[in-house]
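The points may be read alongside the sequence and the model.

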Amino acid sequence: MNSRNSWLRGFLSSYRKPVVTALALGLIAAAFSAMLMFTSGYLISATALEGVTLFSVMLPVAFVQVFGIGKPLARYFERLVSHSWVLRVTSDLRKMLYNHVASTAADPTQARASGEYLSILSDDIAHLQNLYLRVVFPSVVALLLACLATIAFGLFSPAFACVMLVVFAGTVVGLPMATLAATRVRMLKVKSMRAESFEKLSDDIAGVNDWKLSGRSLEAIARGAAADSARRDLDRRIRFFDRTIELASLLILGLAACAVIAWSGSSFAGDPSTVNWIAAFVLGFFPIIESFAALPSMVPSSTDHMQSIDRLRSISDEGGLDGNRDAFPDTSDASIVVEGVTYAYPASRKAALHDLDCTIESGQKVAILGKSGSGKTTLVSLVRGMLEPQSGTIEVGGEKMVARAYDVSGTIGYLSQEPYIFNKSLRDNLALARPDATDDELLDILEKVGLRDRYDALPNGLDTVIGETGTGFSGGEAHRIALARTLTARSKVIIVDEPFAALDPETEAELLETLFDVCDGRTLIVVTHHLALVDRFDRVIFLEDGAIELDGSPAELERSNDHFRELLAFDRNL
């Protein structure tokens, strides 16, 4: 609870001025609304009396105009200020959540499913917004308004002010807290069911083809519909209870309005000079009813909001919602030092890498080979900072790597097995990491990766929308686009994780040649199963069962190692 409150206070303290301003404007708007009805009631009664003159009602008319104009203006600026800062907060949260997803997407140890992120994005962040706009602000304004109204009644009758204090305490505090206690468990259950629905739905959509092929797609649809129906039924029962409590609140406030009529009638009816106050107090009380009536159903919804905040805070504790991470230091050194690294996946008893030592000098071209499961991808993930070793250290450019602690996008470029091409323009795809890249720079990079002729044939040049997954481009061209995107980022280290495995040998050879040419002066690591163009590498590292079995230049290994010669002969005969 304390950590949650401190997390909430962090947002409030970051925007202290707009929060205070919004509350002040909200109180002014509510007070102006009450005073507008108060002066209107007084004016109606005053003009109905015999012998009234224009001079005697000039002041009430002026107050009606002031409050009538001031109420919508105060309400407008209150909404402008409160919504502005809340939307800025939620916008920052969404951006930080995207960064968190991006940093953990390739982490096999992260326990959150994609459906949970969808739930957080579409549900939890909206709840943070609603907590402030629909619970905190109205409750605080109602509480302050209740204090002002009690003081106003106390100026005329302390005894009646005590009666109204009891009424206000019951409607502003008592009923909302009672409703919260009665509906808390059910609201938590609805929240849990909604989150589970997001997770199952995203899982079913991702596997829709398998559901169809299995012939059980209707079963999956029926299961989701049944869960959704149960959640809606429970939600309806909660809303019915809320409406019942709202009705009870309105009945209490209605009785309070009758009490105001009776009190004002007995207090002011006997004197012609004060009779105008009867209508003033009665009409002035109705805007207060409007401010208080919805609170019993507003406050209980904070249960749902608070659980959402707990989930957001849990990601914040993981570092996912911390927007102040240190950037990876800019350095010309692109060396990689791995010392005593051991890593085992949570579900595996066997270490994927154990006590691994390896140093890759800046500018080296290194091929990392090994059969599936030998630890190649694990090593790459550790170097990229996607995983953190259980023991040992990794340094890139002289800086110690800690999983997800640095932004490595400016230092390490990565080409995966299936590079993704966004359904955007060619320019957007190339300048993903460097939006400020000029057209001349992009064209120069397209020239380097062998795509200039293909570019010249595009109808709209860099503005051509190339389609999701590279529609309209061959597999080799899509890989060249991904390579160009990596080069645009000016990364000093390029890691290539078997991106050409699905291509034909001729295209693979062409792309490797391009890779060697454009990565001149950069550290290049190519993870592969076989030895295509192995002579072009400065060094070959062969992994076996999480350890380095062979390490040396291709010429040296071919001359001195029988195992390497066997691998080379086997690969060339394929």
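1. For the classes used below, Ala, Val, Leu, Ile, Met, Phe, Trp, Tyr, Cys and Pro count as nonpolar, Asp, Glu, Lys and Arg as charged, and the others, Gly among them, as polar. By these classes, the lining of the largest cavity has 9 nonpolar residues, no polar and no charged ones.

2. This is a predicted model, in which local features need pLDDT of at least 70 and side-chain atom pairs pLDDT 80 or more, while totals for chains, interfaces and linings use all residues. Residues are numbered from 1 along each chain, and side-chain values use heavy atoms, without hydrogens and water.

3. A cavity is a set of points on a 1 Å grid over the protein atoms alone where a 1.4 Å probe fits but cannot get out, and lining residues have an atom within 4 Å of a point. The count is 2 cavities of 30 Å³ or more.

4. The largest cavity holds about 60 Å³ of space. Its lining consists of Ile336, Val338, Ile360, Ile368, Leu379, Val380, Val383, Ile495 and Ile525. The largest share, 3 residues, comes from α11; β1 (336-343) and α11 (376-383) each supply at least two. Helices (H or I, at least four residues) and strands (E, at least two) are DSSP runs numbered from the N terminus.

5. The second largest cavity holds about 40 Å³. Among the residues lining this cavity are Arg454, Tyr455 and Phe473.

6. Helix α8 (residues 276-293) has 18 residues and reaches 27 Å from its first C-alpha to its last, close to the 26 Å expected, that is, 1.5 Å times one less than its number of residues.

How values were computed:
On a 1 Å grid over the protein atoms alone, a cavity is a set of points where a 1.4 Å probe fits but cannot get out, and a pocket is an open set with protein on both sides within 12 Å along at least five of seven lines; lining residues have an atom within 4 Å of a point. Grid points are joined across faces, edges and corners, and a volume is the space filled by probe spheres set on the points.
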